[in-house]
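These are my notebook entries on how two parts of one chain meet.

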Amino acid sequence: MEATAEKLLAWYDRAARELPWRVPPGSASRPDPYRIWLSEVMLQQTTVAAVLGYFETFVTRWPTVADLAAAPDAEVMAAWAGLGYYARARNLLACARVVAGPLGDRFPDTEAGLRALPGIGPYTAAAIAAIAFDRPAVVMDGNVERVMARLFAVETPLPAAKPRLHGLAATLTPALRPGDYAQGVMDLGATVCTPRAPACGRCPWGAACRGRALGIAAELPRRVVKPARPVRRGIAYLALQEGAVLVETRPERGLLGGMLGLPCGAWSEGEARPGPPFAADWRPTGLEVRHTFTHFHLILSIETAWVPAGFAPPVGWFRKVTPALEAALPTVMRKALKLGLSAGDCRAVTMPAKTG
Ligand code: SF4
C-alpha cells in the first residue's frame, strides 16, 4: 500500500477544517492572497485557535492590503499586541507597503517572488504560493515534518532530518490541486497525526505508514535535546502621575521592538541591573513578572515612583491607565503593569473595567 496525494485529497475533501481565510476544498475560486498571507504570518509560531480573533480584527479593520499599508504603525502594533514575535508585525507592515506600492496591490504568485518580500521566509512563501496560487510548492511546517517523519519512519533527529523530510514531502506533492494537498497535510498533522497520540485508525495514510507499522509513530520525529533556556533579569519602572503611567516606545531593533512598554533597565543574566528612566524615589515592590521568550526566561522585578503633576519625563510620556493602554501593551508589559498597580502604594491608580 502506497501513500498517495489522491488518498490525502479524498480525505481532505471530507474532513477539511473551515477557516476564515480558506475556500472549500476543490473550489473553482482561489482564496484572497491578502488573507492567506495575513493568516500565514500570524500563524508563524502560534496556533490557529490563538490567531482566529486577531485575524477577524485585522480583516475587519483593514479589509485589503492597501488599507493595511495605509494604517498608522502604532495602530497596527497595538492590534498585534498579544500575538508575540513583534518583529513580524513590523515586517507585516513593511510587506503590505511594498505590495500596495511598487507591486500595485498584487502579491507575487511564485515562491521566489514572495520570498523577496519583507518577513516572508521559505515556509511562508511556499504556503502562500500553494494555497493562494495553487503552485506545487513543498510546504514544510512542524505538522508536515511530523507526518513525514512518521509516514517514512525517519529516525534521524530534527533539525538534521529537515532536508530529508523536505525531499520526501516533495515526492508526494502533486501537480494537480497542490493548494488543497498542502492544506490537507497541514490538517492531517493538526487533527489526526497529532504530536502525542496519532489517531492512525482515522488516517488516510494509515495502511502505508511505516512508523505505525513499526510501532514507533508516537516517538517521531526525534529531536536533539535542547539546552535549558537561560534566565535573564531586569527591572520594570512604573512611574505614576495622577492616574497615568509612564510608557515609552521600545527601540525598533531588538526584542519587542517598536512596541509600547514600561521603561526597563537592561535584561541580563545574573543580578538585575538598575537603569531607571530618571532619578526619583524608586521603591522596590518585591513583585516579579515571569515570562518566557523563545531563547530565555525573563524575570522582571517592579519598582514604582510617584512623580509630581507637571513633571516632564526625559523619555516616554504619561498615559491614562485604560483598557486601551492595556490592550496596546505586549504580554510581558501588560503583566508588569497589572502587577505593579496591585502594589500597596499604587492602588490609587486602578484599571477601569472593560465595557461592551
Ligand atoms: Fe500519522 Fe498514524 Fe497517519 Fe502514520 S498512520 S501518518 S502515524 S496518523
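I looked up polar contacts across the interface of domain 1 and domain 2 and found two residue pairs, both at pLDDT 80 or more; a polar contact is a pair of N or O atoms within 3.5 Å, where, within protein, one must be able to donate a hydrogen and the other to accept it, and residues adjacent in sequence count only if both atoms are side-chain atoms. On the side of domain 1 that touches domain 2, I noted five nonpolar residues, one polar and one charged (Ala, Val, Leu, Ile, Met, Phe, Trp, Tyr, Cys and Pro count as nonpolar, Asp, Glu, Lys and Arg as charged, and the others, Gly among them, as polar).

The model is predicted: local features need pLDDT of at least 70, side-chain atom pairs count only at pLDDT 80 or more, and totals for chains, interfaces and linings use all residues. Residues are numbered from 1 along each chain as its sequence is written, and side-chain values use heavy atoms, with hydrogens and water left out.

I then took the bounds from the domain assignment (automatic or from a database): domain 1 covers 5–219 and domain 2 covers 231–346. Their centres, over C-alpha atoms, are 36 Å apart.

For contact (heavy atoms within 4.5 Å), I recorded seven residues of domain 1 against 13 of domain 2.

I found one salt bridge across this interface (a side-chain nitrogen of Lys or Arg within 4 Å of a carboxyl oxygen of Asp or Glu). The side chains of R90 and E252 form a salt bridge at 3.4 Å, N to O.
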